[in-house]
Structures are given as structure tokens and as C-alpha cells.
Amino acid sequence: MCARHSVTVQCDGRRVELPSQEQLCFLAGLGVIAAIGIIEWPVAAAIAVGHGLAHSQHGKALREFGEALEEA
């Protein structure tokens, strides 16, 4: 199912929403420049988290992160 340029995958009764192709490319590029050493991994992680939160709807990513922490 595609909604708002994202892809939702259901597996074993769990729903996983993947980012859009544009966001995946951004994150892949961020990972590449961190792997090459242009930026440090903590900086790349902070940018990725900020990017995810900026593109989430009404803090949805933050809520899901909190739920994942509760399950762990």
C-alpha cells in the first residue's frame, strides 16, 4: 500500500512503513559519506534522526520510537 510517497509492508501481522524513495536515497547518501569519513557517525545519526522527525507526521516517528523502546 502506498500513502504519501511511503510504502507500508505487512509481515506476520506487523505493519512496517518504509520511507519514500527520496528519503531512502538521502539516508543512503548520508551513510556513504559517514562510511567514507567525510562526517563522523554520531553527526550522521543526528542528521538522520532530525530528518526522520522533520518528515514524520505529528511526531509519529517519535511515538513509534517510544513504543519500540517499551517493547525492548
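## Pocket, surface patch and a buried glutamine

The second largest pocket holds about 270 Å³ of space, where a pocket is an open set of points on a 1 Å grid over the protein atoms alone, with a 1.4 Å probe fitting at the points and protein on both sides within 12 Å along at least five of seven lines. This is a predicted model, in which local features need pLDDT of at least 70, side-chain atom pairs count only at pLDDT 80 or more, and totals for chains, interfaces and linings use all residues. Residues are numbered from 1 along each chain as its sequence is written, and side-chain values use heavy atoms, with hydrogens and water left out.

The pocket is lined by Arg14, Arg15, Val16, Glu17, Glu64, Glu67, Ala68 and Glu71, a lining that divides into 2 nonpolar, no polar and 6 charged residues.

| Feature | Elements each supplying at least two residues |
|---|---|
| Lining of the second largest pocket | β3 (14-18) and α3 |
| Nonpolar patch | α2 (41-55) and α3 (60-71) |

Elsewhere, Gln23 is placed in helix α1 (residues 21-36). Gln23 counts as buried because its relative accessibility is 18%, the cut-off for buried being under 20%. The C-alpha atoms of Gln23 and His51 are separated by 8.6 Å, although the two residues are 28 residues apart along the chain.

Methods: Helix = DSSP H or I, 4+ residues; strand = E, 2+ residues; numbered from the N terminus. 1 Å grid on protein atoms, 1.4 Å probe; cavity = no way out; pocket = protein on both sides within 12 Å on 5 of 7 lines; lining within 4 Å. Points joined across faces, edges and corners; volume = space filled by probe spheres on them. Nonpolar A, V, L, I, M, F, W, Y, C, P; charged D, E, K, R; others polar. Buried < 20%, exposed > 50% of the residue type's maximum accessible area, 1.4 Å probe, protein only.
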